[in-house]
Number of protein chains: 2
Amino acid sequence: MRHRLFFILPLLLLFFVTDYLHADDGYRLWQRYDKIEDAAKLNGYQQALAEVVFEGNSPTLLVAQKELKDGLSGLLGKAVPVSQRITQAGAVVAGTPASSALIKSLGLENRLKPVGDEGYLLLTTDINGRKSTVIAANTDVGVLYGTFHFLRLLQTHQDINSLSVASAPKIKHRVLNHWDNLDRTVERGYAGFSLWDWHRLPGYIDQRYLDYARANASIGINGTVLTNVNANALVLTKEYLVKVKALADAFRPYGIKVYLTARFSAPMEIGGMKTADPLDPQVQAWWKEKTNEIYSYIPDFGGFLVKADSEGQPGPHNYKRTQADGANMLADAVAPHNGIVMWRAFVYSEHTPDDRHKQAFNEFKPLDGKFRDNVLVQVKNGAIDFQPREPFHPLFGAMPNTKLMMEFQITQEYLGQGTNLAYLAPLYKEVLESDTYAKGKGSTVAKVVDGTLDNNKLSAIAGVSNIGTDRNWTGHQFAQSNWYTFGRLAWDHSISSEEIADEWIKMTFTNKDKFVDPVKTMMLNSHEAIVNYMTPLGLHHLMGWSHHYGPGPWIKDKPRADWTSVYYHQADENGIGFDRTKTGSNAVAQYFPPVQKQFGNIKKCPEKYLLWFHHVPWDYKTNSGRILWDELAYRYTAGVDTVRQMQQTWNTVEGMIDEERFNHVKMLLAVQEQEAKWWRDACLLYFQTFSKRPIPQGLEEPEHTLEYYMQLDPKFVPGI
Amino acid sequence: MRHRLFFILPLLLLFFVTDYLHADDGYRLWQRYDKIEDAAKLNGYQQALAEVVFEGNSPTLLVAQKELKDGLSGLLGKAVPVSQRITQAGAVVAGTPASSALIKSLGLENRLKPVGDEGYLLLTTDINGRKSTVIAANTDVGVLYGTFHFLRLLQTHQDINSLSVASAPKIKHRVLNHWDNLDRTVERGYAGFSLWDWHRLPGYIDQRYLDYARANASIGINGTVLTNVNANALVLTKEYLVKVKALADAFRPYGIKVYLTARFSAPMEIGGMKTADPLDPQVQAWWKEKTNEIYSYIPDFGGFLVKADSEGQPGPHNYKRTQADGANMLADAVAPHNGIVMWRAFVYSEHTPDDRHKQAFNEFKPLDGKFRDNVLVQVKNGAIDFQPREPFHPLFGAMPNTKLMMEFQITQEYLGQGTNLAYLAPLYKEVLESDTYAKGKGSTVAKVVDGTLDNNKLSAIAGVSNIGTDRNWTGHQFAQSNWYTFGRLAWDHSISSEEIADEWIKMTFTNKDKFVDPVKTMMLNSHEAIVNYMTPLGLHHLMGWSHHYGPGPWIKDKPRADWTSVYYHQADENGIGFDRTKTGSNAVAQYFPPVQKQFGNIKKCPEKYLLWFHHVPWDYKTNSGRILWDELAYRYTAGVDTVRQMQQTWNTVEGMIDEERFNHVKMLLAVQEQEAKWWRDACLLYFQTFSKRPIPQGLEEPEHTLEYYMQLDPKFVPGI
């Protein structure tokens, strides 16, 4: 008998490990509870964690309890029992004072108060002489968040022997925006199609809905806008609302509220009215009634997101009303139900001759203080449109009497779409840490967004989702890190890019240093690499027409000038770049004076924004000592070179993770290298027609002619 | 130490089992190699199977070797070693005489000859006094097929102690037709979107391509048409051909050839020509050159599938040429490369006043003998269009000098789409076993298709794929059984529906009788249930406009009469049904006399085809003794009742399989029950306006009014 066990056990383990190493489709995201491989760590955790003590049975608490049980059992490689009271040392006690007499008995009121409605405490403490770990919160969802935090500590091999953590989100609404259409296409989606299988709702609840909610809860995301900002009013009809209700019911235990985009002309399209004028009492009444109907299905419906008067969407302009008129109408409809309205500032018009960069500011700044209390103006991180790099949007700090929220793009519309590895924490952090000087030095964008600068309790942040039906959710394995990053920064924007990458890598792949260190470096360099091979030195909006895939610096003569590339790069024989100083569009004047002075002065302007704000001669001497043309060529080349380094790095980690994910990334890096070269070659050849200068010696020459690149015309590019 | 092992082992097992029971997304299809639970069976297999002996390293043999190793290791719960020679009793020796000296030494030539290029032998034999199992074939792919057969025996708990199996496919080309568009939508697709991620090809080879190929190989499918019959010529451009090549390379080791649909007007659309006239020498030259180009990328390219002169597709009619002229032009282009052309017989025109049922026959019958040797005319199972039930197509047997192939629809366009459980083996078998009487009694459709009736070596069968990006591949868990069924019947159409269901259930779920028996009954009744609640007694084509979802018996006044429902049911105050006898369209005359006599005589016509061939008075007395109207009501009701029985059956198996798949099916059965009621109520209410008779006593009354059902207008239905 003993012999037999010795025989079977290693084989079982072998089979498990073999399976793990050979096939992993990435579906589990960062939520992996495979047994910890580090023997010392494992042993320590096994000693410290013996049972789960849980009281209460709300849907959210049951989710937390299952998570804790499954997580511990998996990570520790032993079945961890759940009990209603402590039976031994090493208990993990989770709950709220309301749900758990044991938690209540710990007298944590004073420590719990500051963590509010969603925060939690993680404490190591003695209970009746038994060393225990406590996950305590004021609310059930706080317990769930604390559970995920605690499991993350184990997944990343942290010390848990003397925990004293208090955590609460810095931003109240942490929301994904799905640009998902009702036909399941996803605008700017590069991970397959929409998760929402509207046709089979409400009867069929796909397991992915629950796994999606669970993943979001694990990083603190508490809201989801299900539908595209380029909206379809049909989602507001009863036929669809019963489907939305089914999703809301599925998400609720995970603390996730559902929002919808409201098409401004809905009263006409589905309400049979002749106008959608926001000041028309009948229109207002229609929206109130419609909103009441929605809340009758979904009592905790979050509210509306609106894109109006932009890129063909209807809006208050159609009736000569202001954005505030439009937003307030909807705000009044949702206010009785404690709903909010997120009103996008992404408004610009082809009929306005002014620099597109300035238009949102010009439109919204005069409306400061005119929005209802439950309106948030949703501002993209930059003034153009999610370019590989943009200076922060001048509206941040400029509307002290209005709640501004941040809109980041997680999906990589302009960052290599479905094939490029781009870790976006550095981009998000660069924006959040930018200083607006609105109330003097230190008035960062983050403080505007989290409400601390203007003392707003209502705050929000949105991320345009990169999630789709692909088995790994995000198309590119590493794009999972951006979903993760968005959630983590929405909870606490002070975490560094390095910390987030570290966590994510360890949870997603392995804790082995030989993997974590090089892969982290690769991730941290990845965004800058893309900026370099796409739009270095402040260039922007050079991509292919409509689908935005690949280079198109030659794009011109389109229905709207501000949808062409030549409008933005302004290359001519003298130089390149958009003059946004006093001698040009003077967009810099929209920033507070200290920023103006920096961005507006070619000598002080950070080189990364140089061509964003200045038209610069080809022979202008850059920081490196090289003239602008040469520097441009060097940057483009450096971008490609970094991708090649990434390939080399990745090759060194072969065998440390499963073959499937390894090969997935390897293949995509090879595609990225090709696309990086394509960008470099096409842009340099094109700009060379203006600069009339050679590619600097020692740099790789373009592979094809400019004509070759200009005739490329990729078909059926995803995301449109 | 001993204590510890005793502690860990059961926990490991527990964890594995727990995981298995709680989360299974169906991705593995019928290819599950979980450890056999039946202790006696397991023990027997473990004794009998000790090692895998494999020589040769072609890509196909390596695939077979891995399958055998992984399969045995998983099913037996022990790592089964691979060796190059026999080291112990219980060897599984696999190979061809060419790849394996050991196989060659067994002197199997005479036994191998009859199994041909794809067949195999499974033999229990003594080799040097050691009892061994031999998987032998003439070709590498034969070894792969034999491997899958052998594993299936274990998965279904068969006795393997004295194997003596010789198996060869009855049909040469066993092909899936994907109606996949280049934008990844799938016409009549209800399982998400197209697997082919054209945008990321050729650089990115999705793991799903390999898993798709492996699944097909496991059931003997050896070809795949990648693109929709409603074709886009772009797939024939270099930009796409390099992508097609990447797929062909991925599929090749699994014995799967790639085919493309050829848009007839491609020479004009992508070739810059002014005509696509098949008799124009320049057009012929263009196709030859294009074909040579394709073969330069894909040396084993299978050939073309063409839909011409049908539903808006261009074709030889545009130039007053025949279908043979069109097919032969392409056949001549692929012939030097041993390619084939599959030319669809689904040709009918809105300009032809004749019964649509007759048009394909009228068009093709006169062309018998005029097609090149490498052309197969691809005929749908019935003369209309994949209805829930159709009598067999009159072309079968009618073209003895032409190769006819079968086209079945696996995707459930008319059979409940993505939400209804329909096991289609009974439908396929009913058609295949139909007797055409072409050469006297016993001239079954199957014999036409497999070539034995007319002595054709070239034979083929196509199934319109139900595969998409859904995690479980086919949307509905049970729709996997239809993919499986198609492959199994394509290999051997003599297998019964019961046998196939038995195999599939055991491989997909469990071998437990308490599960297998009731679920098999449920599957075997499922097709008839749908016929009953959609189109009983020979009714057809009653579904919703364009998307074909839900009932639409009232559809009329559309651009084409033969796309309306009233054209097909002909209901009036006197009765219902399409008179296709001498007094009507006389479509029955297209069948051979013994069939004519049966179908054409209301007294002899099988009741399941009654309203297909006859316009029948409402008070006509049916076999049950009930008048037609009452019988119709009974049938509709019986369909709904069967679904309710299926729900009850499914509830009894809770706990016998994983929760995820159990719930998936349970939810969909509830949806199906609703849809069945919808069909019944809408159709009975509508036909009642003609019959003017009450719903028979004791039958459930419709839930809503006819007006209610007529105003339902589902949006964004998948599959169009």
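Predicted model: local features only at pLDDT ≥ 70, side-chain atom pairs only at ≥ 80, totals over all residues.

Visitor: Why is helix H13 of chain B largely enclosed by the rest of the structure?
Guide: Because 7 of the 8 residues of helix H13 (residues 425–432) of chain B are buried. Buried means under 20% relative accessible area, exposed means over 50%, and partly exposed is in between, with a 1.4 Å probe and protein chains only. Helices (H or I, at least four residues) and strands (E, at least two) are DSSP runs, numbered from the N terminus.

Visitor: Which residues of H13(B) are buried?
Guide: Ala425(B), Leu427(B), Tyr428(B), Lys429(B), Glu430(B), Val431(B) and Leu432(B).

Visitor: And what covers them?
Guide: The cover over the buried residues of H13(B) includes strand S13 (404–409) of chain B. It also includes helices H14 (445–449), H15 (480–491), H16 (497–508) and H17 (513–534) of chain B.

Visitor: Now the active site. Which residues does UniProt list there?
Guide: The UniProt annotation, from an unreviewed entry, covers Glu311(A), Asp385(A) and Glu413(A). UniProt positions are given in the numbering used here, feature names are shortened, and annotations may be inferred rather than shown by experiment.

Visitor: Where is Asp385(A), and is it buried or exposed?
Guide: Asp385(A) is in the loop between strand S12 (375–380) and strand S13 (404–409) of chain A. It counts as buried, at 6% relative accessibility.

Visitor: What does Asp385(A) touch, leaving aside neighbours within four places in sequence?
Guide: Its contacts (heavy atoms within 4.5 Å) are Phe346(A), Arg356(A), Lys380(A), Glu390(A), Glu413(A) and Tyr414(A). So one of them, Glu413(A), is also in that UniProt annotation.

Visitor: What about Glu413(A) itself?
Guide: Glu413(A) sits in the loop between S13 and helix H13 (425–432) of chain A. Its relative accessible area is 2%, so it is buried. Neighbours within four places in sequence aside, it is in contact with Trp179(A), Arg188(A), Tyr190(A), Asp385(A) and His548(A).

Visitor: Which domains does the record give for chain A?
Guide: The unreviewed UniProt entry lists "Glycosyl hydrolase family 67 catalytic" for residues 154–473 of chain A. That span is 26% helix and 13% strand, and its end C-alpha atoms lie 24 Å apart. For residues 474–699 of chain A, UniProt lists "Glycosyl hydrolase family 67 C-terminal", again in an unreviewed entry. Here the chain is 53% helix and 2% strand, with end C-alpha atoms 35 Å apart.

Visitor: New topic. How big is the second largest pocket?
Guide: It holds about 1400 Å³ of space. Of its 49 lining residues, the closest to its centre are His199(A), Glu239(A), Lys243(A), Tyr549(B) and Pro714(B).

Visitor: How is a pocket found?
Guide: On a 1 Å grid over the protein atoms alone, a pocket is an open set of points where a 1.4 Å probe fits, with protein on both sides within 12 Å along at least five of seven lines. Lining residues have an atom within 4 Å of a point. Grid points are joined across faces, edges and corners, and a volume is the space filled by probe spheres set on the points.

Visitor: Which helix gives the most to that lining?
Guide: H22(B), with 7 residues.

Terms used:
Residues numbered from 1 in each chain as written. Chains lettered and ligands numbered in written order. Heavy atoms only, no water.
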